[in-house]
Structure formats: C-alpha cells, structure tokens
Amino acid sequence: MKRYYFYLLLICSFISCKPYKAAVTEPNQMTYSQFRAQQNTFASKDGNIHYVDKGKGPVIVLLHGVPTSSWLYRHMIDDLAKTHRVIAPDMLGFGSSDSPKGYDIYSETQHAERLLALLDSLNIKTWTHIMHDAGGLWTWELFKKAPNRINNLVILNTIIYEAGFNPPIRFKKGFMARTAMWSYRNGVTTNMMLKGLFKEGLTQNTLNKIDVEGYKTPLKEGKTKAMYYFFSQTCNDLTNYQPVISKIDIPVAVIWGENDSFLNWKNQKETVAKDLNISNENIHLLNARHFIQEEQPKEITKIILDFLD
C-alpha cells in the first residue's frame with residue numbers, strides 16, 4: 001500500500017491534481033522568508049548550516065527530523081527564549097541549509113559531527129537537548145562522540161528502537177528513489193506529499209498556507225538528498241542504539257503524541273523507560289499524532305520548562 005501511494009504521488013506530478021488546501025492565514029503571522037531572515041550561518045566542513053540563536057541563559061538545542069527543519073519549532077522558540085538561549089539548526093540538507101552532493105555525507109554519524117562543530121563554534125559546552133523524529137538518531141550518535149555534553153534530554157516522538165519505528169516510506173537505493181526525491185521539486189507532487197504527510201501526522205490539519213510554505217519551500221528548492229539517504233538507507237537498516245542509550249545517565253523526559261502512526265510509543269515504552277531510567281512523572285502522552293509541535297506547542301513548552309525548573 002505504501003509503495004502504491006508513492007507511485008500515485010509520481011503520477012500526480014504529471015496530471016491535473018487538486019492543489020493543497022490549507023486553513024486561512026492569521027494576522028501578522030511570521031512568513032517563512034521572515035523566519036529565514038532571523039537565521040545565522042555556520043560554515044561546516046560540508047556546507048553552510050543555518051540556525052536560529054535567540055535568548056540568553058542556559059542553552060536549549062532544538063533538533064528537527066525528516067523532512068522538516070527548525071521551522072517545526074517556530075511556535076516554541078520565542079517562549080523558550082524568554083528564559084533560555086535557544087539554538088535551532090537546520091541540519092545539512094534541510095530547511096535553509098546547504099544540500100551538497102553525496103550520500104554518506106548525510107549519515108547519522110556525520111550529522112552528529114556537524115552539530116557538535118556548530119555548538120563548539122558557539123562556545124557552548126553543555127546544553128539541554130530536545131529532538132524529534134530522525135533527530136533522535138543524530139542524538140544517539142552525538143552521545144557516542146560526546147557523552148558528557150548534554151545535561152538534560154527531552155524526547156519528542158523520536159526514533160529510538162525498531163519496535164516503535166514505522167516509517168511511511170522505505171525505498172531501495174537507486175533510480176526510483178532518486179526519481180521520487182527529484183519529483184518533490186514539482187509543486188503538485190510536493191503538495192500531494194505534504195497533504196498525505198499532514199493527514200497522517202496531525203489529529204486535525206489546521207495548517208494554513210504560510211505554515212505549509214515553510215515545509216514546501218526547501219523541497220521545491222531541491223533539498224532532498226538528505227531525505228534520500230534516510231529513506232533508502234536508515235529506514236532499511238536501523239542501527240541498534242541500545243548499548244548507547246542504556247549508558248545515558250541524565251534527567252530524561254518524554255513528550256509523545258500517543259496517536260502517532262509513524263513512531264509508536266506503546267510498542268517500546270517499557271524498554272525505553274527502563275534503559276533511560278525515566279520516571280512515570282516525566283512521561284507525558286499528549287492527544288496528538290506525529291507533529292506535536294504543530295498541535296500542542298504551548299503545552300510542550302510548559303512541560304519542558306517545568307521539567308528544567
């Protein structure tokens with residue numbers, strides 16, 4: 001069924017399809033162009049990484065997943081920045097950041113190396129780490145390289161173990177997967193893909209045209225090489241990070257959309273809670289699906305600040 005849906009998306013790029021319809025825009029709503037204008041630039045060894053750096057105080061790092069960017073956290077950044085310094089990067093191949101040629105350049109290991117280089121360049125020694133989706137994989141690799149840099153960990157619908165991992169697409173590396181990624185430069189195909197993604201990833205899709213533009217623009221710019229690696233490599237051969245995860249000994253909180261069909265909490269909850277020594281009071285299940293930052297940003301922010309306090 002999933003493979004059929006993929007081919008349907010390809011067909012829709014060449015025939016007349018109804019465009020993505022979104023909710024009415026809000027007055028004074030920040031556009032994606034305005035959001036990008038706030039970002040700084042870090043020249044990593046592989047290409048420019050753009051990131052938000054806002055606020056003062058203890059550092060919070062916000063890490064997105066696939067196929068999103070720091071735009072996912074736009075409703076949370078300002079509130080968190082009232083009491084903390086917030087760093088929200090677009091990882092290489094996503095959002096505003098460069099999307100250079102290559103395949104292994106988008107591996108979990110290299111994403112972690114670039115994130116550490118960014119934080120080193122900002123002279124940030126330790127921080128609270130918050131991640132979503134594939135950001136979890138980059139985080140587990142980061143713990144391998146620098147296990148003492150993260151003070152607190154907040155998990156938001158993140159890839160942890162195979163038992164909870166149910167990606168919407170799995171590709172074999174090659175022509176068809178590359179064609180699918182290439183097709184997302186087409187507005188119609190991108191609209192269809194996002195429409196399906198948000199239909200499955202949100203309890204109720206209330207995203208308006210400006211909201212969607214922040215997700216659609218990078219795809220139309222051709223930033224799909226990192227996605228290609230994820231769907232053709234990571235999704236087919238998920239690394240077992242249990243030896244790394246079970247050694248983590250810091251405060252951990254889980255905030256999870258309990259109706260997420262992509263990443264299931266129920267199937268892995270006992271193992272995760274045991275391996276990370278998470279108390280029940282620090283496990284928060286929300287009435288939401290995958291993109292909880294879109295559905296309940298205020299509630300998530302409150303839980304994070306209460307946890308850190």
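Strands E1 and E2 form a hairpin with four residues between them. Gly47, in the turn, has a positive phi of about 150°. The model is predicted: local features need pLDDT of at least 70, side-chain atom pairs count only at pLDDT 80 or more, and totals for chains, interfaces and linings use all residues. Residues are numbered from 1 along each chain as its sequence is written, and side-chain values use heavy atoms, with hydrogens and water left out. Helices (H or I, at least four residues) and strands (E, at least two) are DSSP runs, numbered from the N terminus.

**The sheet**

- Eight strands make an open sheet of mixed pairing, in the order E1-E2-E4-E3-E5-E6-E7-E8.
- Strands E1 (40-43) and E8 (283-286) stand at the edges with a single partner strand each, so one side of each has no neighbour in the sheet.
- The twist averages 20° from one strand to the next; axes are lines fitted to C-alpha atoms, for helices over the stretch in contact, and angles run from 0 to 180 degrees between N-to-C directions.
- Two strands count as paired if DSSP finds at least two bridges between them.
- E1 and E2 are antiparallel and share four bridges; here Phe42 stands opposite Ile49 in E2.
- E2 and E4 are also joined by four bridges in the antiparallel sense, with Val52 opposite Ala88 in E4.
- E3 (residues 59-63) and E5 (residues 127-133) run parallel, joined by four bridges; Leu62 has Ile130 in E5 as its bridge partner.

**Helices on the sheet**

- Helix H4 (residues 108-121) packs on the sheet and touches E1, E2 (48-54), E3, E4 (85-89) and E5. Contact means heavy atoms within 4.5 Å.
- The direction of H4 makes about 115° with that of E1.
- Helix H5 (residues 135-145) lies across E3, E5 and E6 (150-158), at about 140° to E5.

**Helix H8**

- Nine of the 12 residues of H8 (residues 209-220) are buried, so the helix is largely enclosed by the rest of the structure.
- Buried means under 20% relative accessible area, exposed over 50%, and partly exposed in between (1.4 Å probe, protein chains only).
- The buried residues include Ile210, Asp211, Tyr215 and Leu219.
- Asn208 caps the N-terminal end of H8, with a side-chain oxygen 3.0 Å from the backbone nitrogen of Ile210.

- Ala180 sits in helix H6 (residues 175-183). Its relative accessibility is 0%, so Ala180 counts as buried.
- Ala180 and Thr224 are 44 residues apart in sequence, and their C-alpha atoms are 9.4 Å apart in space.
- Leu308 belongs to helix H13 (residues 297-308). Its relative accessibility is 25%, so Leu308 counts as partly exposed.
- Leaving out residues up to four places away in sequence, Leu308 touches Ile60, His84, Thr128 and Asn152.
- Leu308 and Leu153 are 155 residues apart along the chain, with 9.8 Å between their C-alpha atoms.

**A pocket**

- The second largest pocket has a volume of about 340 Å³.
- On a 1 Å grid over the protein atoms alone, a pocket is an open set of points with protein on both sides within 12 Å along at least five of seven lines; lining residues have an atom within 4 Å of a point.
- Grid points are joined across faces, edges and corners, and the volume is the space filled by probe spheres set on the points.
- Of the 17 lining residues of the second largest pocket, Gln29, Met30, Arg74, His75 and Asp211 are the closest to its centre.
- E2 and helix H3 (77-80) are the elements that give two or more residues to this lining.

Notes. A polar contact is a pair of N or O atoms within 3.5 Å; within protein, one must be able to donate a hydrogen and the other to accept it, and residues adjacent in sequence count only if both atoms are side-chain atoms. On a 1 Å grid over the protein atoms alone, a cavity is a set of points where a 1.4 Å probe fits but cannot get out, and a pocket is an open set with protein on both sides within 12 Å along at least five of seven lines; lining residues have an atom within 4 Å of a point.
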